[in-house]
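Please walk through this model with the structure open beside the text.

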Amino acid sequence: MKKIAGLVAAGVASLALTACNEEKATTTETAAPANAGTVHLYTWTEYVPEGLLDQFQKETGIKVEVSSLESNETMYAKLKLQGKDGGYDVIAPSNYFVSKMSKEGMLAELDHSKLPVIAELNKDWLDKPYDKGNKYSLPQLLGAPGIAFNTNDYKGDQFTSWGDLWKPEFANKVQLLDDAREVFNIALLKLGKNPNTTDPAEIKEAFEELKKLRSNVLSFNSDNPANSFISGEVSVGQLWNGSVRIAKKEKAPIDMVFPKEGPVLWVDTLAIPANSKNKENAHKLINYLLSASVSKQLTLEIGYPTSNVKALEELPKEITQDPAIYPTAEILQKSHWQDDVGDAIELYEKYYQELKASK
């Protein structure tokens, strides 16, 4: 969805778009056959750890240029501004943006005959309401936010509900993810509301609830959410399961629980923009990124559960049996799926900016 910065190195590529920020980009050179073309990948920064694309470029001779995706909203805006001009060949929208973008004609239909990797993907992750028949996307990684805590300071049984973050004892101590939907999700769940509500009255009620939480909030962070736990700057807050894996790899004293209301799940997918100039290479790259060997390497690196069943079988138990990283069946049963809220997103964003500006 939106995660950890700093793992994609190299130069900066600018898009000639008036409302766009600069992006980090990297091009990995290869000695493979010449003139095989270039494919432009626009994905979350930590989804391309060093060396991940080496074999693809060696096998195909296709050069991959990687741009760092900051948020679904930014990605959507950039593609809208590009229009027919194109710029990206493979993108990584979260499931609820697949629904939105496909409805608006922004995604190309996938040619499943060019994607044999589909046979290796978890069938429970396929054919979901946001993209029936996986016409436009294929799932890559599963995200689940929970309440993370420093195990030197707290115990897991201190956190049973999202509402626990409102307790006075956490004044100026809580880190929240810097994302309107993620933040409103916890308030809506606390209030017993649908986290995908489009009802203005319910969204406003959640905003009023979040204003009560504001004095407990030390920071909003989605760019490097694990780093503040690793450094000890933060000891409690909202975090993604993959970020917990990152922190544990750094030997940070951290664990995470999923509150009784359940987490709001998302799946980051791979898709091809309708304005892609190189759909043939795009299919090849998607097939590679979802393959067992690459999926295993990626989950080992960043912790998010993979859609590739073969990769899952080869992953160590320290990942697959850690309920903070791989939610249990019980947690999944009471989870919610983040969905597109249409024009209501403008109201979420308006209130969210007001929340961040207040104290």
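What percentage of the 359 residues of the chain count as buried? The figure is 57%. Buried means under 20% relative accessible area, exposed means over 50%, and partly exposed lies in between (1.4 Å probe, protein chains only).

A word on the source. This is a predicted model, in which local features need pLDDT of at least 70 and side-chain atom pairs count only at pLDDT 80 or more, while totals for chains, interfaces and linings use all residues. Residues are numbered from 1 along each chain as its sequence is written, and side-chain values use heavy atoms, with hydrogens and water left out.

Start with the overall fold. The chain has 13 helices and 13 strands. Both are DSSP runs numbered from the N terminus: helices are H or I with at least four residues, strands are E with at least two. The chain is as compact as a globular protein of 359 residues, because its radius of gyration is 20 Å, close to the 21 Å from the globule rule. That radius is taken over C-alpha atoms, and the rule is 2.2 Å times the number of residues to the power 0.38. Along the principal axes, the C-alpha atoms fill a box of roughly 60 × 40 × 40 Å.

Now the contacts, meaning heavy atoms within 4.5 Å. Take those between residues at least 6 apart in sequence: 75% join residues at least 24 apart.

Next, two residues. Q55 sits in helix 1 (residues 54-60). Its relative accessibility is 38%, so Q55 counts as partly exposed. Q55 and V294 are 239 residues apart along the chain, yet their C-alpha atoms are separated by 9.4 Å.

S295 belongs to helix 9 (residues 292-302). S295 is buried because its relative accessible area is 5%. Leaving aside residues up to four places away in sequence, S295 touches L289, L290, T306, N308 and A311.

Finish inside. The structure holds 1 cavity of 30 Å³ or more. On a 1 Å grid over the protein atoms alone, a cavity is a set of points where a 1.4 Å probe fits but cannot get out; lining residues have an atom within 4 Å of a point. The largest cavity has a volume of about 60 Å³, counted as the space filled by probe spheres set on the points, which are joined across faces, edges and corners. Its lining is Y96, F97, K100, R181, D339, D340, V341, G342 and I345. Helix 3 (residues 95-103) gives the most to this lining, with 3 residues.

How values were computed
1 Å grid on protein atoms, 1.4 Å probe; cavity = no way out; pocket = protein on both sides within 12 Å on 5 of 7 lines; lining within 4 Å.
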